[in-house]
Amino acid sequence: MKKIRVMIGLLCAVVLLVSFGLVDYILNLKSADDFLPETEPAETIPQNTTLKEPPTLTVGCGLKEANALRGTTSWTYQNADGTVTGIEADGMHPLQAKKHMPSIPLKNRTIESRLDAHLFWSISPDDVAVRCWHETDWGEPGAESEEIPVNILMVDSNIETAPIFCIPLKNGNYIYEIIAEWNRETYHGRTHYSFYTVQPSSVK
């Protein structure tokens, strides 16, 4: 009888340990959602629309969202009468545009954890490149930049569904520049966008 009670006690202990482990696993799965944008991207427009200027870039990170600063732009589009209009605009270098640039606050995280930013346009570009600088490079346009990989997520196979561009954010305060290109039948061009991140002072 005593042996049976001991075995029952051990069995209960195992069940509790498994239960706590399962709860912790489930909680960890929930916390992963914090790395996905909670807000919906801007409503897309028909992909055959002729854009007369570059679309706004919205950057989403967790619950935070901001419209990136639009900088240097080269844009050409075809008018209804067959003529062509060209736009050339020089913008400030990102490292000299802090006063005009939106910031995105980052939440506390461990060094190992990853946090992504999602890039949304009403009409997605055909090519996207991203680079960044550390905050110590503010005011130094000649500073060397670091390339950031760009991942493309397709929501579904619908041709009208805009892909989601995703980039990993670095730990700390960094300035990001996004260079986007469109090459369509009735318009084409390249535009530079920028934003910077602000890391909380108390990082685990």
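How many bridges join β6 to strand β10, and in which sense do the two run? The sections below answer this and describe the surroundings of β6.

## Strand β6 and its partners

The model is predicted. In it, β6 is joined to β10, residues 164-169, by five bridges, and the two strands run antiparallel. Within this pairing, L119 has F165 of β10 as its bridge partner.

Strand β1, which covers residues 58-61, also pairs with β6; this pairing is antiparallel and has three bridges. Here T58 stands opposite F120 of β6.

## The two faces of β6

Strand β6 spans residues 115-120 and is mostly covered, with six of its six residues buried. In a regular strand, side chains alternate between the two faces of the sheet. In β6, L115, A117 and L119 point one way, while D116, H118 and F120 point the other way. Residues of both sets are buried, D116 and H118 included.

## The five-stranded sheet

Strand β6 belongs to an open sheet of five strands, in the order β2-β1-β6-β10-β9 and with antiparallel pairing. The edges are formed by β2 (64-67) and β9 (151-153); each has a single partner strand, so one side of each is left without a neighbour in the sheet. From one strand to the next, the twist averages 30°.

## The nonpolar cores

Which residues touch the most other members of the largest nonpolar core? They are L119, W121, I167, Y176 and I178, in a core of 30 residues. At least two residues of this core come from each of β1, β3 (69-78), β6, β7 (127-134), β10, β11 (174-183) and β12 (187-198). The most come from β11, which gives five residues. Apart from this core lies another, of seven residues, including L95, M101, W133 and W138.

## Contacts of Y176

Y176 is one of the residues that touch the most other members of the largest core. Leaving aside residues up to four places away in sequence, Y176 touches V130, R131, C132 and I148, as well as I167, P168, L169 and K170. The contacts of Y176 also include Y193, S194, F195 and T197.

Note on methods
Residues are numbered from 1 along each chain as its sequence is written. This is a predicted model: local features need pLDDT of at least 70, side-chain atom pairs count only at pLDDT 80 or more; totals for chains, interfaces and linings use all residues. Side-chain values use heavy atoms; hydrogens and water are left out. Buried means under 20% relative accessible area, exposed over 50%, partly exposed in between (1.4 Å probe, protein chains only). Helices (H or I, at least four residues) and strands (E, at least two) are DSSP runs, numbered from the N terminus. Two strands pair if DSSP finds at least two bridges between them. Axes are lines fitted to C-alpha atoms, for helices over the stretch in contact, and angles run from 0 to 180 degrees between N-to-C directions. A nonpolar core is a set of buried Ala, Val, Leu, Ile, Met, Phe, Trp, Tyr and Cys residues joined through side-chain atoms within 4.5 Å. Contact means heavy atoms within 4.5 Å.
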